[in-house]
Amino acid sequence: MNENPEPNATTPSNGKGNDEAVQRMPKIPIPTNYRNAAKYVRIAVEEKRNIQPLIEKDKHFRVGRTLVGRVLSNMPVIEALYKQLDLAEKEPRMNEWMARVLISELLFGSGRLVGNSLPVECIKRYEEQLRTALTDIEANKTAAGKVKGTNEIVCLVEPRFVRINTNLLNVEGAKRLLAEEQWILVEENFTDYRSFLERVKVLGDAEYMEDFHFPDMLVFPHSAKSFWARAQHLHDKFLLQNKACLLPTYLLKPPKKSVVLDMCAAPGLKTTHLACLMKNKGRIYAVEYDPNRYAVLCEYASAFGVIKTIQSDCLEVTEEQVPGVSYILLDPSCSGSGMLQRQMVPEPVDEDRLYKLAGLQYKLLSHAMNAFPNVRRIVYSTCSVHEVENEGVVQGILRHNGHFRLLDARKELGKEWLNVGSPEYPGIGERCLYAKTVDDLTIGMFAAVFERCPEGVQNEVYLAYEKQKHSYDLVAQKISRQKNDEGEQVSSKKRKNKHTDSSTVQEQDGTEKSGSKKRKKNM
């Protein structure tokens, strides 16, 4: 038996003077792969940056793509588990991104955690609870349904949408490549959108489908995310992009040889899709102000000769910089409330922030309508579910810009779509489109299509607002006249009273003088 055990966190030292200070064991380092994965996951989620180039340059993180891809592809479930077990409150010293990486490895990776560092040991203590909670979620979830845990956390699990890069590969070529990868195409015809969605919900792990609306979009089961995270050899031919993000580009539908302005272009997926729709012929001006996001945009755009990038505030871009622009895509900064992660764990609504965002969005849309005289068509889109950023902005812009009108987006799309805007905005809501997670299995998205009015024509919202303003002006004028009349009456009454008072004083003075004369005569 060892009579002198090594001191640890619970063993007092035998220092002089009966010192009972606790001597701690040396700190066990966290495995480098876990630390790097936590860093890149945070960059991808918090900063919304493209981390692929960063991982590729990191030669000491060879398993990076697999580790990070596994976390990101399972993020909705991981986030729900993290919130459900209340780890942020119970383990305040645990880095939240490290916790997500370790949960991912434990439940979706090898099933075991490497080393005995404090974060690893911490997550191991919750293993049984994590697995139980995961079983409950898996038992109740659908392809994009809602799952409620004990803390009423909503979990949204969506299919994996993949866009074909038609600049390099046509649809038939894409099918051949996928067949070589052992993917099975579901060759079924659907007469309506809802039946298509129901089939998507039950896709097998090796199945995929062509999208109901967009020919260059493919739909895979949620489990396919791990395949696409590691399919490095396919990344130039296929792009991971949510279906809802194709709504704005297909609604803009610029023909070949068009001149297009993408006002808030980064990261560049919509920009490159526009280039594909235009067969890489014409000109796309892609504008981005933020230096980091601009670098990502340039990387995406480099393979497309049609795209010219501009680092600038898009409110300062003029016709001289982008001559001949006839189509504009505006997908500005927004609250991002339609993103899956934010729907899964709803955040408190910050009304002040929403109104500030709506003000910026209005400015950008107004600039698009008035700074470029050749523009014929504008598509405005957000990944927000808040009306103040969507229908509210559209209503405001139509009221003050009579030379553009709002088109019916469903007619412009040309195929059945389930959700339109709010009936609280008559003449506007029913002409706008919403993509909704619970219906369309996508992120939340809003889209509106504007077209320049023919010469001499003004949109009906503008005319109604001007008529209303005119009626308000008439009422205001009437009220003003009434106030003036009342004021004149009061002034006239005051003058009359003053005149009466003056006459009375004069009469009194005359009477007094007459009496004085009589008194003098009698004397």
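E460 and R431 form a salt bridge, with the closest N and O atoms 2.9 Å apart. A salt bridge here is a side-chain nitrogen of Lys or Arg within 4 Å of a carboxyl oxygen of Asp or Glu. E460 lies in helix α20 (residues 460–522) and R431 in the loop between β14 (419–420) and β15, so the pair ties together parts that are 29 residues apart in sequence. E460 is partly exposed, with a relative accessible area of 40%. R431 is partly exposed as well, at 25%. Buried means under 20% relative accessible area, exposed over 50%, and partly exposed in between (1.4 Å probe, protein chains only). Helices (H or I, at least four residues) and strands (E, at least two) are DSSP runs, numbered from the N terminus.

This is a predicted model: local features need pLDDT of at least 70, side-chain atom pairs count only at pLDDT 80 or more, and totals for chains, interfaces and linings use all residues. Residues are numbered from 1 along each chain as its sequence is written, and side-chain values use heavy atoms, leaving out hydrogens and water.

**Salt bridges**

The whole structure holds 21 salt bridges. Side chains of opposite charge can pair when their charged atoms come close.

| Pair | Closest N to O distance |
|---|---|
| E460 and R431 | 2.9 Å |
| R377 and E412 | 2.6 Å |

R377 forms its salt bridge with E412. R377 lies in strand β12 and E412 in helix α18 (residues 409–413), so this pair ties together parts that are 35 residues apart in sequence. R377 is buried, at 9% relative accessible area. E412 counts as partly exposed, at 22%.

**Helix α6**

R100 belongs to α6, where it is buried. Helix α6 covers residues 96–108, and its 13 residues should span 18 Å at 1.5 Å a residue; the end C-alpha atoms are 18 Å apart, which agrees. The expected span is 1.5 Å times one less than the number of residues. The helix is mostly covered, with eleven of its 13 residues buried. Among them are W97, M98, V101 and L102. N95 caps the N-terminal end: a side-chain oxygen of N95 lies 2.9 Å from the backbone nitrogen of W97.

E389 lies in the loop between β12 (377–382) and α17 (391–400). Beyond four places away in sequence, E389 touches residues including C334, L354, L357 and Y380. Contact means heavy atoms within 4.5 Å.

E158 lies in the loop between β2 (154–156) and β3. E158 counts as buried, at 8% relative accessibility. A polar contact of 2.3 Å joins the side chains of E158 and K225.

**An open sheet**

Five strands form an open sheet in the order β4-β5-β6-β3-β7, with mixed pairing. β4 (184–185) and β7 (238–240) stand at the edges, each with a single partner strand, so one side of each is left without a neighbour in the sheet. Two strands pair if DSSP finds at least two bridges between them. Four bridges join β3 (residues 160–164) to β6 (residues 217–220), and these strands run antiparallel. R160 stands opposite F220 in β6.

L433 lies in strand β15 (residues 433–435). L433 is buried, with a relative accessible area of 0%. Its C-alpha atom is 5.7 Å from that of F446, 13 residues apart along the chain. Contacts of L433 beyond four places in sequence include L247, L251, W417 and F446.

Most residues other than glycine have a negative phi, and most peptide bonds are trans. The peptide bond from A266 to P267 is cis, with omega near 5°. P267 is found in the loop between β8 (258–262) and α13 (269–277). Q182 has a positive phi, near 70°, and is exposed at 60% relative accessible area. K257 also has a phi near 70°, and is exposed at 67%.

Key
A polar contact is a pair of N or O atoms within 3.5 Å; within protein, one must be able to donate a hydrogen and the other to accept it, and residues adjacent in sequence count only if both atoms are side-chain atoms.
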